[in-house]
Amino acid sequence: MQRRHPAERQLPRLIDELLASSPAFAEMWEQRPAPQGSPVSRTFLHPEIGPITLDSDILTVRDGDLRLIVYTAPPGSQSAGQLELLATIGIQQFS
């Protein structure tokens, strides 16, 4: 966890507290799937806004074939601004 979020100082302490106080959490923590190697970026070409580059995280269900891919943009980035614009214009076309 620290490798992906090096600036996060409270998270390791929280994990340690949960491991010490909750056997259920400790069991789930031990069984968690290995994280993906490094963040993966994808660029989508939107017809009105143009290319939007987003980071993706893949969440999986242990011993299952389900995956949830979550796309995010760094706060304050151009891509974050593009997502905010998309949330405002919705599916309108400007052509």
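Colleague: Hi! Which residues of helix 3 are buried?
Modeller: Ser 79, Ala 80, Gln 82, Leu 86 and Ile 89 are buried in helix 3. Buried means under 20% relative accessible area, with exposed over 50% and partly exposed in between, using a 1.4 Å probe and protein chains only. Helices are DSSP runs of H or I with at least four residues, strands are runs of E with at least two, and both are numbered from the N terminus.

Colleague: Before we go on, what kind of model is this?
Modeller: This is a predicted model, where local features need pLDDT of at least 70, side-chain atom pairs count only at pLDDT 80 or more, and totals for chains, interfaces and linings use all residues. Residues are numbered from 1 along each chain as its sequence is written, and side-chain values use heavy atoms, leaving out hydrogens and water.

Colleague: Thanks. What do the buried residues of helix 3 pack against?
Modeller: They pack against strand 1 (40-46) and strand 2. Take Leu 86: leaving aside neighbours within four places in sequence, Leu 86 is in contact with His 46, Ile 49 and Ile 52. Contact here means heavy atoms within 4.5 Å.

Colleague: And which residues make up the largest nonpolar core?
Modeller: Seven residues: Ile 49, Ile 52, Leu 54, Ala 73, Ala 80, Leu 86 and Ile 89. Strand 2 (50-60) and helix 3 (78-89) each supply at least two residues of this core, and helix 3 gives the most, with three. A nonpolar core is a set of buried Ala, Val, Leu, Ile, Met, Phe, Trp, Tyr and Cys residues joined through side-chain atoms within 4.5 Å.

Colleague: How far apart are the end C-alpha atoms of helix 3?
Modeller: They are 17 Å apart, which agrees with the 16 Å that twelve residues should span at 1.5 Å a residue. The expected span is 1.5 Å times one less than the number of residues. After helix 3 comes Gly 90, whose phi is positive, near 60°.

Colleague: Switching to the strands, in which sense do strand 1 and strand 2 pair, parallel or antiparallel?
Modeller: Antiparallel, over seven bridges; two strands pair if DSSP finds at least two bridges between them. A hairpin of three residues joins strand 1 to strand 2, and His 46 stands opposite Gly 50 in strand 2.

Colleague: Last one: what pattern does the protein follow along the sequence?
Modeller: The pattern is α-α-β-β-β-α, with three helices and three strands. Buried residues make up 15% of the 95 residues in the protein.
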